[in-house]
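Welcome! Please take a moment to look over the sequence and the model below, and then we will walk through it together.

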Amino acid sequence: MRLRSLFLDIASSRERLRDAVIAEQSVSCDAIGASLGYQSEATREMADSIARWFNVDHVSLTSMGSTANIYVIMTYICREYPGSPVLCAANCHMSWINAAANLGIPLRFVPAGMAREFEAVIPPGPDEFSKALKKESDAAAVVITTPTYEGLHVDVASIVKKVRDVRSDVLIVVDNAWGWKRGNPVNEGADIAIRSTHKMEGALMGASVLLANTRRIDKDLLVECGNACYSTSQSCIVLMSIGETYWLWARHEAALERAFIEYSQALKNSLRELGFQIFEGVHEHHISHIDPRKVTIKLPKGVIGYKLSEILQQRYRLIPEKAGIATITLIVTARTLNSPPEKIADAIARGVEDVERMSVPEIEIPLSLNKWETLKAMEAHQAVRCASRVVDFDHSAGLISASVVVPYPPGIPSIIPGQRITQDIIRYLHVLHGIGGHVVAADPSLSKIRVVEEHNSD
Ligand SMILES: Cc1ncc(COP(=O)(O)O)c(C=O)c1O
């Protein structure tokens with residue numbers, strides 16, 4: 001690996017970023033700023049060169065995260081196919097639900113599985129998507145989420161084939177927020193994909209790209225939808241960091257890939273030598289591989305992932321990407337490469353020694369979206385438009401939620417608007433909260449929840 005040339009490139013890239021920081025000011029006519037409307041030349045050039053690298057025919061950039069790009073896509077769907085439902089893999093991020101609820105799009109879910117030992121969701125494959133599309137034959141789009149938080153990659157090409165056999169015109173969208181490297185879902189036949197460049201690829205927080213092959217897409221409308229969703233004052237530093245990140249990847253993909261993979265293997269070996277069990281993926285033919293940079297560890301009995309994560313952050317300055325009830329997931333990032341893998345493994349082993357052991361009631365992670373057909377009292381977009389009231393969360397079983405409640409990470413909702421709340425879900429969320437799990441909700445302490453006002457007809 002030509003380390004010297006990699007470091008020289010990183011240094012010159014840093015210099016360009018520094019120039020962007022100096023230029024960052026609220027001046028609409030600035031060369032890099034004001035990427036909307038007339039789109040600055042600098043941003044357009046960046047998008048074009050990223051499109052060439054990814055081998056796609058349209059790219060747009062945002063400093064507002066993949067959440068904004070998901071809004072762009074859902075805005076496009078609601079304008080192009082008004083009233084039509086969208087089929088979403090049940091492992092979707094909450095932003096798909098929020099966008100659908102806000103934009104009036106009915107949602108149907110394609111069931112996902114679960115590798116319980118590792119608290120890792122298994123995304124649905126071609127058979128599940130084709131069955132769902134046959135049932136929901138007027139769907140405007142199908143949304144695949146791959147890779148997952150724990151790094152499972154679904155074989156997009158096989159889903160595309162099966163889905164197109166059912167309906168050749170249906171839009172195929174991929175939430176590739178956790179993707180990295182040049183290969184991307186659009187090259188596998190999807191129409192649109194979004195990627196959070198800040199997650200695996202090293203750009204600044206908020207960086208995201210939308211990649212598209214516009215054969216089935218009205219490109220002008222897509223650009224209009226971008227203009228409708230992006231801020232007119234996007235961060236030029238973040239936009240520049242997207243350009244710089246892909247500029248580096250384009251030059252050093254092989255070297256970077258090798259460095260990350262070798263490091264991950266060494267880390268996993270050290271962890272195994274210390275007796276830890278590591279998630280290796282699942283043997284299902286629609287799962288093509290597991291991302292080598294994701295390291296999900298099953299913890300010894302009584303060690304709570306959330307508690308261990310706190311200790312690792314406070315005592316060892318090690319930040320797991322995700323904690324669960326009995327697992328943690330680490331990502332090998334450029335920053336991780338600065339510490340020897342044995343040191344990280346050792347910190348985890350010491351953290352496990354330090355953490356107070358607790359017994360947790362046996363609890364199944366509910367994949368509520370798998371049960372949407374039975375839990376649905378009304379469409380999510382209807383529920384957010386109804387009169388609502390705030391009630392005690394503990395007394396909400398049987399009521400219809402008007403809001404989203406999501407354990408985060410990974411951000412797969414437990415409760416969505418329109419869903420009848422069940423005692424099992426209340427219990428699960430309390431257990432999670434009680435052992436240090438984070439929940440994204442209007443009231444993250446889980447004492448209150450907004451529900452639909454139901455009028456008794458008698
Ligand atoms: C699968 C998935 N999609 C979308 C998002 C939203 O990405 P961003 O934080 O870039 O808005 C996330 C965030 O965790 C995610 O995990």
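Of the 458 residues of the protein chain, 47% count as buried, where buried means that 20 or more other C-beta atoms lie within 10 Å of the residue's own, exposed means 12 or fewer, and partly exposed is in between, with C-beta atoms placed from the backbone. What you see is a predicted model, in which local features need pLDDT of at least 70 and side-chain atom pairs count only at pLDDT 80 or more, while totals for chains, interfaces and linings use all residues. Residues are numbered from 1 along each chain as its sequence is written.

Let us start with the overall picture. The protein chain has 13 helices and 19 strands; these are DSSP runs numbered from the N terminus, with helices being H or I of at least four residues and strands E of at least two. Its radius of gyration is 22 Å, close to the 23 Å that the globule rule gives for 458 residues, so the chain is as compact as a globular protein of that length. Here the radius is taken over C-alpha atoms, and the rule is 2.2 Å times the number of residues to the power 0.38.

Next, find the two domains, whose bounds come from an automatic or database domain assignment: domain 1 covers 3-247 and domain 2 covers 368-452. Their contact takes 17 residues from domain 1 and 16 residues from domain 2, counting two residues as in contact if their C-beta atoms, placed from the backbone, lie within 7 Å. On the side of domain 1 that touches domain 2, α4 gives the most, with five residues.

Now look at strand β6 (residues 141-145). Five of its five residues are buried, so the strand is largely enclosed by the rest of the structure. Ala141, Val143 and Thr145 point one way from β6, whereas Val142 and Ile144 point the other way. β6 pairs in the parallel sense with strand β2 (residues 86-89) over three bridges, and with strand β8 (residues 171-175), also in the parallel sense, over five bridges; pairing requires that DSSP finds at least two bridges between two strands. Valine 142 in β6 is the bridge partner of leucine 87, and valine 142 also stands opposite isoleucine 172 in β8.

Finally, which residues surround the ligand? Among them are Thr145, His93, Asp175 and Gly411, each with its C-beta atom, placed from the backbone, within 6 Å of the ligand. Helix α3 (residues 65-80) provides the largest share of this shell, three residues.
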